[in-house]
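Keep the sequence and the 3D view side by side as you read.

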Amino acid sequence: METSTKMPHEIAKAVVAVMGKIRTLGKDNRNEHGRYNYVSVDKFYELVGPLLHDAGIFVMVDEKKSEVSVRESVDNYGKVKNIAWLSIDYDFSLFHETGVFYGPVQRSIQVIASGPQAYASGVSFVEKYFLRSLLDRKSTCLNYSHTDIS
């Protein structure tokens, strides 16, 4: 796929339209291990999905690279353990219904490699992060407590 480094007018206009309709989401889940509240991916897409649709835009996510590495980490109980981490690099592109697009925009994430679900949680989280950085007005729709995002 080509690269579009200048955002087309159609996409910029659609993004601004979505931004104007974003509202605050209450945090509906709690991560007891990390001790923080968060918005579930389902609740996030329940709000953002129809807004993107109405504006005529969608996001394409392409996993570019993934690798697992084992690192010494300290758990919540102070124990040092060897933990497998999954690092994934993604390209995100925004498409408008007219066919114009913008991207790719690169994002990366690291999650504990706990099985196949690690890939799903990684892409869900990094896509929420990407959309938040694109659409969010003053952090209204999500509050992130994670630091393994770039």
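**Ground rules**

This is a predicted model: local features need pLDDT of at least 70, side-chain atom pairs count only at pLDDT 80 or more, and totals for chains, interfaces and linings use all residues. Residues are numbered from 1 along each chain as its sequence is written, and side-chain values use heavy atoms, with hydrogens and water left out.

**The sheet**

Helices (H or I, at least four residues) and strands (E, at least two) are DSSP runs, numbered from the N terminus. Two strands pair if DSSP finds at least two bridges between them. Strands of a sheet pair through backbone hydrogen bonds, either parallel or antiparallel.

S3 and S4 run antiparallel and are joined by 17 bridges. Val-59 stands opposite Leu-94 in S4.

The peptide bond from Gly-103 to Pro-104 is cis, with omega near 5 degrees. Most residues other than glycine have a negative phi, and most peptide bonds are trans.

**The core**

A nonpolar core is a set of buried Ala, Val, Leu, Ile, Met, Phe, Trp, Tyr and Cys residues joined through side-chain atoms within 4.5 Å. The largest one has 30 residues. Val-18, Val-48, Phe-130, Leu-131 and Leu-135 have the most contacts inside it. Helices H1 (9-19), H2 (41-55) and H3 (117-135) each give two or more residues to this core, as do strands S3 (57-74), S4 and S5 (101-112). H3 gives the most, with 7 residues.

Contact means heavy atoms within 4.5 Å. Leaving aside neighbours within four places in sequence, Leu-135 is in contact with Val-15, Val-18, Met-19, Ile-22, Val-48 and Leu-52.

**A buried histidine**

Which strand holds His-96? His-96 lies in S4 (residues 80-96). His-96 counts as buried because its relative accessibility is 10%; buried means under 20% relative accessible area, exposed over 50%, partly exposed in between (1.4 Å probe, protein chains only). Beyond neighbours within four places in sequence, His-96 contacts Glu-10, Ile-11, Ala-14, Ala-55, Gly-56 and Ile-57.

**Salt bridges**

How many salt bridges does the structure hold? There are 2. A salt bridge is a side-chain nitrogen of Lys or Arg within 4 Å of a carboxyl oxygen of Asp or Glu.

| Salt bridge | N to O distance |
|---|---|
| Glu-32 and Arg-30 | 3.5 Å |
| Asp-62 and Lys-64 | 3.4 Å |

Glu-32 is exposed, at 56% relative accessible area. Arg-30 is partly exposed, at 39%. Asp-62 is also partly exposed, at 37% relative accessibility.
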